[in-house]
Amino acid sequence: EAVGRIVCCESKTENLTYKAVSGKILLKGDMVVKVLYISDTKEKSFESVTHRMPISQIMEIAGCEKDYVFSLSVKTLNTSVTAKADSTGKNKLLDFALKVSAFVEGTKSTELYFVKDAFNKKYESKFLFDETEFMCDEGVIDKKKNQSTSLDLSSQSPKEILDVRVLSKDVTCSVKDREVLYKINLLFALIFTDEKGKIQYAERNADHIFSFDVKEKCDNVYCKPSVSVDDLVCSVDGDKVNAKYDLGISGNMYALSKRTVLKETEAEEAERKSDTDGVLTVYYCSKGEKVWDIAKRYLKSEKEIKEENNLDTDVIKADMMLII
């Protein structure tokens with residue numbers, strides 16, 4: 001049908017892939033544009049058309065290397081569609097103009113070595129500790145599940161759905177021990193006719209939660225997830241609209257946790273005066289105690305305590321008596 005008036009349009013990216021080379025990211029994918037318009041006919045019916053076009057881009061990324069792990073998202077900042085006449089003089093052509101932004105974040109894993117604790121058997125010492133935040137790679141999160149939600153339109157008496165789209169996908173994150181919860185708020189825009197045949201517009205929200213586990217307890221997580229809504233199907237059920245769709249979330253996730261790290265140490269020149277030389281100490285330890293903590297308390301080395309008590313572990317597995 002010839003286009004009478006364009007009502008609205010939306011665009012999204014699909015099938016994104018990338019290849020990292022030195023200093024560059026080669027990006028490929030598809031841009032999908034959906035247009036809702038009113039036909040230039042006597043009936044003035046609502047029509048929709050979906051157009052898919054390939055995208056390919058080379059992006060300069062300073063410091064980019066092959067062994068980096070990348071998080072990639074592409075968003076449309078602006079989409080404009082205009083109708084144009086074909087050879088017959090009717091507006092049967094659509095001209096698209098899109099402004100697209102790409103977000104690329106690369107990380108590289110490395111091993112860190114640090115001292116958590118220290119003591120000196122022989123000299124009086126001063127130790128300076130500090131709280132340092134570490135970012136631990138939790139890998140890529142990638143989960144998709146079929147969702148359904150009921151959108152209440154009781155005040156507008158819906159009869160026939162003309163168009164439904166997702167205006168925004170807001171994500172908030174919370175952490176409890178080893179569980180990470182992502183709450184996704186979807187804002188739906190609906191165009192429909194009511195019982196009197198009048199065209200109505202409404203916006204409704206729907207919340208969904210995705211849960212992930214991290215390797216160990218952390219304070220927070222860092223992630224810029226991408227959210228996708230695919231295969232959206234809606235139907236009218238009385239005063240409600242039932243929406244079914246595939247909801248997905250993906251991205252690189254990192255656990256943020258603080259560790260107490262030894263920053264500085266200083267020892268006195270004079271040796272420590274000890275009044276325990278030659279004294280035998282019997283220590284009744286508890287299950288789960290660490291040999292390190294016992295050694296620090298009595299100014300002995302772990303090796304000395306292990307050899308004296310025939311221990312082959314750093315953690316006491318059962319209640320026992322130690323000779324110090």
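I started with E8 and strand E9 (residues 199-213), which pair in the antiparallel sense over 15 bridges. For the record, strands (E, at least two residues) and helices (H or I, at least four) are DSSP runs numbered from the N terminus, and two strands pair if DSSP finds at least two bridges between them. This is a predicted model, where local features need pLDDT of at least 70 and side-chain atom pairs count only at pLDDT 80 or more, while totals for chains, interfaces and linings use all residues. Residues are numbered from 1 along each chain as its sequence is written, and side-chain values use heavy atoms, with hydrogens and water left out.

I looked up Phe188: its bridge partner in E9 is Arg204. E8 and E9 make a hairpin with four residues between them, and Gly197 in that turn has a positive phi of about 85 degrees.

Val175 sits opposite Val180 in E8. This hairpin has two residues between its strands, and Asp177 in the turn has a positive phi of about 60 degrees.

How many residues of E8 are buried? I get 13 of 16 for strand E8 (residues 179-194), so I noted it as mostly covered (buried is under 20% relative accessible area, exposed over 50%, partly exposed in between; 1.4 Å probe, protein chains only).

**Salt bridges**

I searched the whole structure and got 17 salt bridges (a Lys or Arg side-chain nitrogen within 4 Å of an Asp or Glu carboxyl oxygen).

Lys24 forms one with Glu60, closest N and O atoms 3.8 Å apart. That pair links distant parts of the chain, with Lys24 in strand E2 (residues 24-39) and Glu60 in strand E3 (residues 46-60), 36 residues apart. Glu60 counts as exposed because its relative accessible area is 60%; Lys24, at 31%, is partly exposed.

Next I checked Asp117 and Lys296, whose closest N and O atoms are 3.0 Å apart in a salt bridge. Here 179 residues separate the two: Asp117 is in the loop between strand E5 (93-107) and E6, Lys296 in helix H1 (residues 291-298). Both come out partly exposed, Asp117 at 23% and Lys296 at 32%.

Lys44 and Asp40 also meet in a salt bridge, 3.9 Å from N to O.
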